[in-house]
Amino acid sequence: MNLHQMAISPPFLLSSRSAYTLNPLFFSTRRRFCFPLPYSRFTSIKRRNFAVAASENGVFTSPELAKSFDFTSEERIYNWWQSQGYFRPKFDRGSDPFVISMPPPNVTGSLHMGHAMFVTLEDIMVRYNRMRGRPTLWLPGTDHAGIATQLVVERMLASEGIKRVEVGRNEFEKRVWEWKEKYGGTITNQIKRLGASCDWTRERFTLDEQLSRAVVEAFVRLHEKGLIYQGSYMVNWSPKLQTAVSDLEVEYSEEPGTLYHIKYRIAGGSRSDFLTIATTRPETLFGDVAIAVHPQDERYSKYVGQMAIVPLTYGRHVPIIADKYVDKDFGTGVLKISPGHDHNDYLLARKLGLPILNVMNKDGTLNEVAGLYCGLDRFEARKKLWSDLEESDLAVKKEPHTSRVPRSQRGGEIIEPLVSKQWFVTMEPLAEKALRAVEKGELTIMPERFEKIYNHWLSNIKDWCISRQLWWGHRIPVWYIAGKDSEEEYIVARSAEEALIKARDKYGKDVEIYQDPDVLDTWFSSGLWPFSTLGWPDVSAEDFKRFYPTTVLETGHDILFFWVARMVMMGIEFTGTVPFSYVYLHGLIRDSQGRKMSKTLGNVIDPIDTIKEFGTDALRFTLALGTAGQDLNLSTERLTANKAFTNKLWNAGKFVLQNLPNRDNISGWQTMQAYKFNTEESLLRLPLPECWVVSKLHILIDAVTESYNKFFFGDVGREIYDFFWGDFADWYIEASKARLYHSGDDSVALVAQAVLLYVFENILKLLHPFMPFVTEELWQALPNRKEALIISTWPQTYLPRNNNLVKRFENLQALTRAIRNARAEYSVEPAKRISASIVASEEVIQYISEEKEVLALLSKLDLDNIHFTDSPPEDAKQSVHLVTSEGLEAYLPLADMVDISAEVQRLSKRLSKMQTEYEGLKARLNSPEFIEKAPEDIVRGVREKAAEAEEKINLTKNRLAFLKSTVLVSQ
């Protein structure tokens, strides 16, 4: 195959129709056709030698040397960007900085599609604003992930037969740091594979010395304001991890279980006087402090005010009370109140002033309150308790029941609601300021519907449990006095040295102190992330002064409460400023069926494997086409379609490069470079196709820029895709061949070459934030590149366009489509060229006839037999008449397209066959037995087939009538 064949043959310029069929994200209804010219009519194209220039630095490969974009070059390109310092903010263009703090992934993490989503969206924002000339900082980092990391290292120790408590706290922390240094960079390297253009010189870790100082400062300041306190309250307790866990770390699942019905006898009553209580956790009955019924439940009104005997407790009595909280229609309508082991019971007990009784140890075993069951695991106790209830005639029945079970996100065990002494932050005063920030427009949440959720949560916020019973994390900066039984007296300080000085001032120089063993919730340090990473509490730090407040916070909508809202509250509290102006929330990534990805379902799609098969650019483009806040269904079909888009872009670059003047053609290049497209006058001097594509490009630049500014990234992707594939590749590249291969005039070819280069390089700029690797590779292959695409200037907006000339070319397109459709309808051989008469007004004929070569090329017309007239031709009745738009028609001689006699015979046979099939279908539908006995969907299917067959028969009859009338006219 010679070079000019490579430039346009199908293996290189793929069918656009197939890609539109593959990709359900694009909704254009325009039909696209591609008719390559026969190779014999091409003039020879010489190799341009741009490949040599592109490859001089050993980083880039020209499309002239490679059949398709090589995904393995992505890491090479990324390392080159980083080595050149392109990811660091530059202040040479003098603009407001654009700053994003990366949501810190867990240091234990491995890349999943959620990470791929946030990296893609944030990198799009960063690359766009960098090209707009703004000093751009994307600050990366990782989270120490207290529970997750401690679990990983504990399992590692367990594999060696060692327990955490055996090595001690200091040695354990040392082991964790060793693990972090060895394995903690995995997620960072994977994020780089996605093309994240972060400033890695500023990478942070939540346990860095400076960030740890910020955490301590925040705790001390909140405590000094009276917003941090210690108390015993209900928390989510993980018996296996031996720590309280946040609401975010609890996942609820519907699981099959058992509902136990138990008799509670009435004190002083007969054996028939009892209340039946239904519970899924009978082991908690040892913690019962009351029995409640609804005040209007007549079944139990006589018992209100009496006492009930708690089963198997040797006669312990609890009061029977009435409260509207009880749902009289649920279960038996009787509620046991165990405030030490149920969140709702806890709140009810506090409201009613009931005591709180804890029956469980921190490891999930029952304590001495449970009497003979003391020491038993909670689930073992449940089995034994039920057996004993049956023996005591206190068991009524048990039945299957589906419950909403809380499980630890990290360990998978069932979480136990437990009253425990913890540290809390009073949230209401912080929440009020965060609410006002949105109300006053200082903070914009996108999509807007999440504002209501944000407001609802902050308006009903509860105090935040910030202590965790772990060894890995930020140690709570609280010290107690050794030798004192009570821990009510404590010292809050910024360091152990400061704590000791305070203790000596209060208790004497011989005092000894010890630090609280708990650590802070990981979300506490994460809440400081936007400003602690920039140097706070040192407000004089250069980065803090330059880059705070940040611009955008992008993350998943599922952590709007647990992270985003806390950052807003902390930012306002400690800096007096909202930490970012915009919150952009993305949805979850689901599989092609809309299901959540999980190992159980076996539907997890690994980003690294996806990159190896489809390339980073295809993955990024697919993820970015979603809508803010909405979940995205990911499928291999979409990835395949966007991989085809990458190839299409590559092959368009190949075509452009192979059709530019030779490098040594100095006069040709000077002429090309003299063409400017930024004035109305220069635009009007262009031929119609060139004026059309440049005008469309200028319209696209404005639309895309506006969509980027509004964070409408899905619109950006679709707009660029549609222009590149639909306008540039399918229409202008094909039209340009008339100038490049048939004009015989170098000046005409140079105009097309200049436009090809101008449009293509701007496409690369617009698309770069989405698909950075293939666009940079192509950019480097273009001639006279003085800078990398990543730092190139964004296309100028509000450039001229001529809507009148755009409309004229659209008329030419409509005419071309009509002729192509007629050819397809009459099964004209692809290589056959036909004659045509174009009928229109003088004005239309003038601009259409000027592009006669383009029309002939795109419509496969015989260039020597295209006639332009203002009235129908003499053979009009023997022609196919096409009306493409008002005042523009075409007549295609039927004899040019088909052998009329042969076509009449073929259609007659086809009609006979169709009528036979149709009669068979009607016979079935006319059969009462078929209608009555066949399934409804089968009957419906036969009716649909019959209707379709009838329509085809009518069309064929009309075609035959037309052909026969044509024969009669000719005779």
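**Overall build and local backbone features of the chain**

Of the 971 residues in the chain, 55% are buried (under 20% relative accessible area, with exposed meaning over 50% and partly exposed in between, for a 1.4 Å probe and protein chains only). The model is a predicted one, in which local features need pLDDT of at least 70 and side-chain atom pairs count only at pLDDT 80 or more, while totals for chains, interfaces and linings use all residues. Residues are numbered from 1 along each chain as its sequence is written, and side-chain values use heavy atoms, with hydrogens and water left out.

The radius of gyration of the chain is 38 Å, whereas a compact globule of 971 residues would have one near 30 Å; the radius is taken over C-alpha atoms, and the globule rule is 2.2 Å times the number of residues to the power 0.38. Along the principal axes, the C-alpha atoms fill a box of roughly 115 × 85 × 55 Å. Among contacts with a separation of 6 or more, 77% join residues 24 or more positions apart, a contact being heavy atoms within 4.5 Å.

The secondary structure comprises 35 helices and 29 strands, defined as DSSP runs numbered from the N terminus (helices H or I, at least four residues; strands E, at least two). Gly508 follows α15 and has a positive phi near 105°.

Most residues other than glycine have a negative phi, and most peptide bonds are trans. Trp536 and Pro537, however, are joined by a cis peptide bond with omega about 15°, and Pro537 lies in the loop between α17 (529-532) and α18 (542-547). Another cis bond links Tyr548 to Pro549, with omega about 0°; Pro549 sits in the loop between α18 and β22 (550-556).

Positive phi values also occur at Tyr314, near 60°, and at Phe711, near 65°. Tyr314 belongs to the loop between β10 (307-309) and β11 (317-322) and counts as exposed because its relative accessibility is 72%. Phe711, in the loop between α25 (688-709) and α26 (713-742), is buried, with a relative accessible area of 11%.
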